[in-house]
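Welcome to this guided tour! Please open your viewer and get ready to select a few residues along the way.

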Amino acid sequence: MKTIAITTTPFADQKPGTSGLRKKTKVFMQENYLENFVQSTFDAIGGVKDKVLVLGGDGRYFNKQAIQTIVKMALASGASKLIIGQNGLLSTPAASNIIRTYNADGGIILSASHNPGGIENDFGIKFNGKNGGPASETITGAIFERTKIITEYLTSDIQDIDLDTIGTQQISAMQIEIINPVEDYCLLMQKLFDFNAIKALFENGFTIRFDAMHAVTGPYAKRILEDVLGAKEGSVINAVPSEDFGQGHPDPNPVWAKPLFDLMMSDKAPDFGAASDGDGDRNMILGRGIYVAPSDSLAVLAANAHLVPHYKNGISGVARSMPTSRAADRVAHKLGVSLYETPTGWKFFGNLLDDGRITICGEESAGTGSSHVREKDGLWAVLLWLNILAMRKQSVAEILNEHWLSFGRDYYSRYDFEAVPKEKAALFVERLKSKLGDLGGMPIGNTFIENATDFSYKDPVDGSESLSQGCVINFNNGARAVTRLSGTGTEGATIRLYLEQYADNLSDVKRDVQQVLTPIAEAFYQLTDFSSITGRTAPDVIT
Ligand code: VG1
Ligand code: CO
């Protein structure tokens, strides 16, 4: 074992964000940078002596190297066992499952999620606790404080370990188990869903295209959809994880998964289309000729979950992040279960799930999940949809249209303004916050602002408070505009603007989304002096 002094504290400028620490890969590759975060994490959780940790990542550039570094540090700090995905691979939901299944003390997941990978792109790291979920704000805060004052870390002088061979290795007092990354996850899915019903669907000619976007879900989707459930070979495309995601942007939305989107809108479309992100926790769902907005997907899944074995007794409650559309609220209301509105980021769902208050939860950013793990889960969402389709014997479009007819439709879109200079973004937020109180009652066109607030959240389970989680402007005609700064970007600041309009008039539920939302966007720009403060006139990405 050796102790290495850290002469600089290179990343003390940033608290780990919504899901861990994300930076340019080259930043992570600086001397002692990753080590600082890892040692600070060990220290923040009271050390790892005699603890069992799960370790894996999405396979991006630097994944394996980072794993070797962490192995050496865990050994030096006295961990009793590491459970590592073969070749260093574990999707985020699979890692969450393994932490829970093997009763581990926590896990380290290496991923920058949907951000592009490669030496010129992004890398990331996050710690998940005993329940399998992202560390709470208390822990991420403690990690950050520690990184500012840390002076040394512990590591050991051992050779790189073999990550390719499944089985157990013993290194001094520490055991390393290399596991098949897919197997436990596949077993879990089999427990939740009616695999026979989905198999029958495929046997009867149902077609699917799943775009794994060269990311970690490839092996999971191939195994489950093709090998086990019998989808036609070749249904899963881009299934081999690559270090730079085939030079792509593994973000499953209509912009970055455009080839799949275009296929689904064409006359060659299969019955069902889906994609997932770099680390496998996000999903995009499409039917022939129709895109299911993530907020709608959450609502449809909540409304239909009882058709599926694991959820047959109904759901205990639903949670959504604040910027997610209120479509799920309408379902919770009809089912007579509680609806929780949390800040952005999966960690806020953890306590609600642990406490049994909710069964299903989701975010507008293509994340849906349930009590089966403590992360959002891309492939789970796909299987839940497939199981529901098998039970209802209808198309995606039919299900979505029926949903809108019974609940009304929440038109929804997110605008992203990327790489805005940090000072300008901060000024924009500060100015807006200072005038929120004066906006209530203000007339806008033929409606008016009902209220405008700075969203804060008090966790109903542990009472912890999270302040300033986004500005919300509610209009009295069922429209809403929400804005917040992203916590996952690696360049400047990203301003997100979330727009929403509820329509319950049946003749109204099939209008063009952007057309419905443009007046709200325009009102927002005016109210906030958006362009003059940020220098931006149009979003970089609309989803
Ligand atoms: C984004 C999304 C948020 C999600 C987070 C992590 O955060 O908006 O809903 O939980 O990414 O997703 P932000 O702060 O950039 O808006 V993932 O797939 O990284 O784990
Ligand atoms: Co992700």
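Which side chains meet in a salt bridge with an N to O distance of 3.4 Å? Select Lys148 and Glu145: their side chains form that bridge. Keep in mind as you look that this is a predicted model.

**Stop 1: along a helix**

Stay with Lys148 and Glu145. Both belong to helix H5, where they sit three residues apart, so about one helical turn separates them.

**Stop 2**

Next, select Asp105 and Lys130. These two also form a salt bridge, and their closest N and O atoms are 3.5 Å apart. Trace the chain around each partner: Asp105 is in the loop between helix H4 (92-101) and strand E5 (106-110), while Lys130 is in the loop between strand E6 (122-128) and helix H5 (137-149). The pair therefore ties together parts that are 25 residues apart in sequence. Is Lys130 buried or exposed? Lys130 is exposed, with a relative accessible area of 55%. Asp105, at 25% relative accessibility, counts as partly exposed.

**Stop 3: a buried partner and a network**

Move on to Asp540 and Arg536. Their side chains meet in a salt bridge of 3.1 Å, N to O. Asp540 is partly exposed at 44% relative accessibility, whereas Arg536 is buried at 17%, because buried means under 20%. Then select Arg320, Arg326, Asp329, Glu341, Arg480 and Glu500 together: salt bridges with shared partners link these residues into one network. How many salt bridges does the structure hold? There are 34 salt bridges to explore.

**Stop 4: around the ligand**

For the last stop, select ligand 1 and show the residues around it. There are 20 of them, and those that come nearest are Arg22, Ser113, Gly487, Thr488 and Arg496. Colour the shell by class and you will find 10 polar residues, 10 charged residues and no nonpolar ones.

Finally, zoom in on the oxygen atoms of ligand 1 and look for these side-chain N or O atoms:

- Ser486 has one 2.6 Å from a ligand oxygen.
- Arg282 has one 2.7 Å from a ligand oxygen.
- Asp277 has one 3.1 Å from a ligand oxygen.

Methods. Residues are numbered from 1 along each chain as its sequence is written. Chains are lettered from A and ligands numbered from 1 in the order in which they are written. This is a predicted model: local features need pLDDT of at least 70, side-chain atom pairs count only at pLDDT 80 or more; totals for chains, interfaces and linings use all residues. Side-chain values use heavy atoms; hydrogens and water are left out. A salt bridge is a side-chain nitrogen of Lys or Arg within 4 Å of a carboxyl oxygen of Asp or Glu. Helices (H or I, at least four residues) and strands (E, at least two) are DSSP runs, numbered from the N terminus. Buried means under 20% relative accessible area, exposed over 50%, partly exposed in between (1.4 Å probe, protein chains only). A residue is near a molecule or strand if one of its heavy atoms lies within 4 Å of it. A polar contact is a pair of N or O atoms within 3.5 Å; within protein, one must be able to donate a hydrogen and the other to accept it, and residues adjacent in sequence count only if both atoms are side-chain atoms. Ala, Val, Leu, Ile, Met, Phe, Trp, Tyr, Cys and Pro count as nonpolar, Asp, Glu, Lys and Arg as charged, and the others, Gly among them, as polar.
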